[in-house]
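Student: Could you take me through this protein step by step, asking what each part packs against and how its pieces are arranged?

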Amino acid sequence: IQDELCGYTFRISPHSFYQVNPVQTERLYKKAIRLADLKGKEKVLDAYCGIGTIGMIASDKAGKVIGVELNADAVRDARNNAKANQIRNIQFYQNDAGKFLVEMAGQGAKVDVVLMDPPRSGSTEEFMNSVAQIGPERIVYVSCNPETLVRDLKYFKKKGYRVAKGVGVDMFPFTEHVETVIMMQYCGKEKKK
């Protein structure tokens, strides 16, 4: 399948995830990127990136984007999509997001913004601990499950992050399903360097 979203073309293989309502998906991703407040120089991590949609759309407003996704088919699609859209400031890695972040944190890597769109089951403590270690100023969390979102927000709060803004996007009109975009900012006791 091939689709156009926010001015980019995306090829989607059968085993990759893709939002099925393109009109609302554009609204969802534009809100997420607006909340990320990118100025053009930030290093951005797109976690659970799938075929790379959010990261590629953010790439023209960021200095560098790193995407990580466990699904090998989706990563292959993401790399091909970046090449087809001539995006040069993005790299994709096929790995579990939690393990990848543990490795990044162990290497002392830092990012300015984390964009995360985890599966319905939400994130993991391993991932959230590692996010806190790499120290982004902002985290933008896209969620399709209010229960796991609340659980994960409570965990991030323990790590020094607070919810600054949030919006809902009605992905399936006339149903109760809403995607939520939350932007958290670091407000821990120690100021980041």
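Tutor: Let us begin with a term: a residue is buried when its relative accessible area is under 20%, exposed when it is over 50%, and partly exposed in between, using a 1.4 Å probe and protein chains only. Helices (H or I, at least four residues) and strands (E, at least two) are DSSP runs, numbered from the N terminus. This is a predicted model, in which local features need pLDDT of at least 70 and side-chain atom pairs count only at pLDDT 80 or more, whereas totals for chains, interfaces and linings use all residues. Residues are numbered from 1 along each chain as its sequence is written, and side-chain values use heavy atoms, with hydrogens and water left out.

Student: Which residues of helix 5 are buried?

Tutor: Helix 5 covers residues 125-134, and its buried residues pack against several elements, including strand 3, helix 4 and strand 8, where contact means heavy atoms within 4.5 Å. After the helix comes glycine 135, with a positive phi near 70 degrees. The buried residues of helix 5 are Phe127, Met128, Ser130, Val131, Ala132 and Ile134.

Student: How many residues of strand 4 are buried?

Tutor: Strand 4 runs over residues 64-69, and it pairs in the parallel sense with strand 3 over 5 bridges and with strand 5, also in the parallel sense, over 5 bridges; two strands count as paired if DSSP finds at least two bridges between them. In strand 4, lysine 64 stands opposite lysine 43, while isoleucine 66 stands opposite glutamine 91 in strand 5. The strand is mostly covered, and the number of buried residues is 5 of its 6.

Student: What handedness does the crossover from strand 4 to strand 5 have?

Tutor: A crossover is called right-handed if, with the strands pointing away from the viewer, the path from the first strand over the helix to the second runs clockwise. Here the β-α-β unit is made of strand 4, helix 3 (residues 72-84) and strand 5. Its handedness is right-handed.

Student: Why is the pair of tyrosine 93 and phenylalanine 100 called tilted?

Tutor: Rings of Phe, Tyr and Trp (its six-membered ring) pair if their centres lie within 6.5 Å, and planes under 30 degrees apart count as stacked, over 60 as edge-to-face and the rest as tilted. Tyrosine 93 is partly exposed at 32%, whereas phenylalanine 100 is buried at 9%. Their ring centres are 5.1 Å apart, and the pair is tilted because the planes stand at 35 degrees.

Student: Which residues form one aromatic cluster?

Tutor: Phenylalanine 156 and tyrosine 161 are both buried. Their ring centres are 6.1 Å apart with the planes at 80 degrees, so this pair is edge-to-face. The cluster is formed by Phe156, Tyr161 and Tyr186.
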